[in-house]
Structures are given as C-alpha cells and as structure tokens.
Amino acid sequence: MSNSRRRMTGRRLFFTALVCGTILALVSGLIHVFAGDGLRGVEIAMIVVFALNTPWMVIGFWNAAIGFSLLHFNRNWLSSVTGLAGLDDESSAIGGRTAIIMPVHNENPDLVVGNLKAVTDSLDATGFSDSFDIFLLSDTTDPVIAGREKALFEAWREGNGRPDRLHYRRRADNTRQKVGNIEDFCTRWGDGFDFMIVLDADSVMSGSAILRLVRLMQLNPALGILQTLVTGMPAGSAFARMFQFGMRHGMRSYTTGSAWWQGPDGPYWGHNAILRLQAFRRNCVLPALPGARPLGGEILSHDQVEAVFMRRGGYEVRVLPLEDGSYEENPTTLPDFLTRDLRWCQGNMQYLKLFRHPSLIRGVRPMGRLQLLLAIMMYTGAPLWYAFMALGLADLVMAASMNGWTVTPAPPPVLGLILFASVIGMTFAPKLFGVLDVALRRNARQAYGGTARIAAGTLLETLFSLLLSPVVALAQTVFVFGLFFGKRIRWDAQERDDRSVSVREAAGGLWLQTLLGAGFLTVLADLAPHILPWAAPVIAGLLLSVPFAVVTATPALGGLFKGAGLCAVPEEHLTPDVLKQAQAALETAPAVMDLPAPAPVGQFADPERA
C-alpha cells in the first residue's frame, strides 16, 4: 500500500470513529432520557427514527470542524486536502484542447449568451484562449426562445474576432435530456478535445479559474474530474441574499473537511467543473433505470453517478475547495427554491434503484456507494425529522387521553437539555464555523463589509434558516412519499430573475405548511402549553410560510438589504471583471424579448402525476 493510500485509510478510519462515537453518544443520551420510567413502544420508535436521522447531521458537523481546523492550523492545508501537484502553477503552457460547453433547455437566451460571452472575454484577457472552443448545446423546444437563442449567438459570432471557436448546436430531439445532450456533444466533437468544462445556464467562470483547472489536469494525469467550489453571485432579492450568505459561510469549512477524508472519491455537482474527456466517454455512459418514472427511466441527477463511474474507471474525482472565480445564481424566491430543491430530490432518490439493482453499479468502490448513499440521505432527513415530531405528538396525545386530557408540566431533565443543545449546535455548526473563519481573517472581514455587517447578516440569516427549514422539510417529506406513488416534478427551465410573489401564489403552494402549523399550535396550546417555547421555531416557520414567501421576494426589502449592505457576499463590494462583463452583456442584449411567464408555484411545488 502506498503512503498516500495508507494516509487516506487512516483519515477515513479516524473520521468513521468520530462519526460513530458521536452518534452512539447522542442515541445513548436519548435512550437515557426516555428510560427513566421504562421504554414504551412509541419511545422506542422515536429512538430508531432519531438514530436513522443523526448520521447526516453528525457527518456535516465533523466535516465543518475538521475543515475549520485545517484552514486555521495547517499552513499547507490545500496541498494536504487535495494531494494535487501544481497548486501554485500560474505560468505553465496550456497544452491540448479544452471545450467549454453549456447545455441549455428553454433558458433565457440573453442570460445564456451573456454568460458565455463574459467567460470567453475573461479567457481572452488571459492571453491563453487559443486552446479553447465554446459550445452552446441547445435542447430548447420553445420555437420563440430557440429563435432568440440562435439570433443572439450568431450576432455574437459575427462580432467576434475568432468566430471559428464559437459553436451553436440545437438538437431536434432532446432524447435523454441533459445526459443525452452531453452524449451527443461527445459523439460529434469529443475526439477533438482533451478536456471538457461544463457550465450551467447561470454559471460564470473567470479565465484565471479556468486556466487553473486545465493546468491541474495537465499536471495530474490520474485526475478524471476536478470540481470547483461554486459561490453565489451578488443578488437583489432578500431571499437569495440571505440564502447564499449562509451557504457561503457553510461551504468553505464543510467542503475542505469532506475533501480531507474523501480524497480521490469526491463529488461532482454537474457544472463549473473540468473533466478528462476521453476518460469520461469511456467510463461515464449512464444506464437507464428499470421501471417507470419518477424513480425509473433516465437518471436525472446524473452528476454523482458519473463521478462514481469515473472513479470505477480508475480516475480520481476531487474538489478544489477555493473561492476562486467560479459562480452561479441562486433562486430568488421561496417558490423557485422549492422547485429546484424538489427536482434535486427526485433525481437523488432515483439512486435507490441503483442499490436495488447491483448489476448497474458493479465494480463501484465502497466510497462511491457511500457518496450515492449520502446523496439519498440529503432528502431522507426531512421525513425522519417529521416522523420524530409526529411520534412525540402522538405520545403526548396518548398520555393526555389517559390522564383526563391534561398534561402535568415537568421540568426537562438536564441530559435532555444538553441533548437538545447538542443537536441544535451540530445543525448550525457548518455555518457558525464559516462565520468564525471569516471573523478570524482580516481580509475576509473587509470583503464582507466589516464585522458589524457580518454580525447583522449572521443574525438575519439564522432567523431566515429557522423559518425556512420546517417549510422546506415538509415539502421534501410530502414529495418523497409522493415519489413512491408515481408523482414527480417537471424538469423545466428554472426561473432565475428577481420577481414578486403574490399572496395567492404563495398560498397555493404553501397551504399544507400553514395548515400543519395551525394544527401543531392548536394541539400544544390545548394539551401542553409549556412545550410551545421548544416547538416555536417549527410552528412559526410553518404558520408564517405564506407571508415569509411574499415578504422575502418583495423588491423593497431586497433594495433595503442591498442599500444597507446586509447579507452581502464579497463580490458585491468588489465585483470581479467577469461578473461585470456578464451583467453588461445581459443589459445590452439587443431587442430583448418577453419570455413566457413562469408557472405559478403550485404547479411546481405540488408534484404532477406521471
């Protein structure tokens, strides 16, 4: 066994011990709390549900804790985490050829072409753009959008000094959706390129970030996929600002920690990444899943499956945990966020079929299977969380029914308070470690607008997360159960522009959250009002879901946040050239057309039957 393999094995054993030890401590604590007067059936069920839900939280906690420790107590943390050669290389020649591709489907053409132009201009500014070709791979089915798409691209080609490197292709039949789109590119043009960089419609990457990826691929021939850390662009809506402020703080420490023990078996998020093209073509052909949709058919969340297949083929899949010129947009409203989240949920839950049919993942390494399992666990936590609360409420009702419909208040046991605080602390730990990471670096504090703005943004984002979490969790819970009865969500183009949300739209998509919140409040207020303070975050989030969706989308609140610098990301204070170019290209696009209005939230948030 080589030194690097021995070191990675040691890291994984250490991480496993931390995770298992923590889970054991938490579950033992809950058993001790419940066992004071003997364990009843409902309490045993709650312990089982808690034990099943705990691993995702604990893994996140230790990822963030290890990542924070590496960032601040290891001068060579990046080399230690990635194990890559050439991390400081900024001057070596760019060899081979790289295709930058953007697969799209009914997206805003002005945004798409504007982003591609910005990426190309940034690459031209480096002086190394001769080795790159740009491909807009259209699966657009709307003829109006397709016409605008082609016209904008042709206008760009005519005005560009090197039109031969700009390619537009529209498929007449979008078989296999995005997977088929990329497969078609590989078949038609794959022989001519060494590397492929994949962008989403809302993706932007700087020329320097792209060159870094290519150089790292050149210097590390075992590398099959290198994923960048994708950060949110400056946003105008209050919803997007608070969401990405929290995401930004949680990402750096969390991703650094996970990359430390996952090593060459890392994730791939489907965009803002570079792939070794011939290895991808040989190893990453995806099978269709047995059975009918939504869980059968084409694999929708294809990225992580491609990562484990690439690793099965003998190539490394790694993450570069740097905030380094790789950007995307985030949903601007709660309805649009739920639409995107449930799409990912449907795709990830399809991985269950891979485990049910082992022949489809024959030869996949244990770490690859773990990555697929972690992707599933992203969406099993919500049903388990609601199951735990439902069991607790049922236990309360049964106890009240046997005691004349009264519940005698009792002080919570000290161990119960410690357990509650531990769970809350671990849940918020990735973001808290991220805030601490920023607070300890002078340049980072200045980039975020100073300590006062960081503190204010953290308080706002914490309140935002407390209200958002139960709303999203209920949507995930209903959707996960619906998948097994044939319900699914449409994989259409995302709504990416700032917009308002009407009360009618919000109520149409969030009526169940409101109803459940009212039910929780009624039962607890009647039977056990002393429990209300503990349940307040969940009840408040559910009851306020409709006004929350409306208010966080209002232009006035977004303008107030932007004017005060609240929940601002560093790129808002010092905007990189590539983002300025993308915004300028969008604003100056000729003859902007009126795109079709987005469907109401209910049409997306309420899954349609297949």
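Helix contacts and aromatic pairs

Guide: In this predicted model, helix 1 (residues 3–34) and helix 2 (residues 41–73) have axes that come within 9 Å and cross at roughly 145 degrees. The crossing of helix 1 past helix 2 is right-handed. Sorted by class, the residues in this contact are 19 nonpolar, three polar and one charged.

Let us turn to the aromatic rings. The whole structure holds 20 aromatic pairs. In one of them, the ring centres of phenylalanine 239 and phenylalanine 464 are 5.2 Å apart and the ring planes stand at 70 degrees; a pair counts as edge-to-face over 60 degrees, so this pair is edge-to-face. Because phenylalanine 239 belongs to helix 8 (residues 238–262) and phenylalanine 464 to helix 16 (residues 451–483), the pair ties together parts that are 225 residues apart in sequence. Phenylalanine 239 and phenylalanine 464 are both buried.

Helix 8 also contributes phenylalanine 245 to a pair with tyrosine 448, which sits in the loop between helix 15 (442–447) and helix 16, so parts 203 residues apart in sequence are tied together. The pair of phenylalanine 245 and tyrosine 448 is edge-to-face, with 6.1 Å from centre to centre and 90 degrees between the planes. Phenylalanine 245 and tyrosine 448 are buried.

Ring pairs also join Phe239 and Phe464 with Phe243, Phe337 and Phe548 in a cluster.

Finally, some rings meet a charge. Arginine 312 has its charged end over the ring of phenylalanine 309, 4.2 Å from the ring centre. Arginine 215 lies over the face of phenylalanine 128, 5.1 Å from the centre of that ring.

Methods
Residues are numbered from 1 along each chain as its sequence is written. This is a predicted model: local features need pLDDT of at least 70, side-chain atom pairs count only at pLDDT 80 or more; totals for chains, interfaces and linings use all residues. Side-chain values use heavy atoms; hydrogens and water are left out. Axes are lines fitted to C-alpha atoms, for helices over the stretch in contact, and angles run from 0 to 180 degrees between N-to-C directions. Helices (H or I, at least four residues) and strands (E, at least two) are DSSP runs, numbered from the N terminus. A crossing is left-handed if the near helix is turned anticlockwise from the far one by less than a right angle, and right-handed if clockwise. Ala, Val, Leu, Ile, Met, Phe, Trp, Tyr, Cys and Pro count as nonpolar, Asp, Glu, Lys and Arg as charged, and the others, Gly among them, as polar. Rings of Phe, Tyr and Trp (its six-membered ring) pair if their centres lie within 6.5 Å; planes under 30 degrees apart count as stacked, over 60 as edge-to-face and the rest as tilted. Buried means under 20% relative accessible area, exposed over 50%, partly exposed in between (1.4 Å probe, protein chains only). A charge sits over a ring if NZ of Lys or CZ of Arg is within 6 Å of the ring centre and within 35 degrees of the ring normal.
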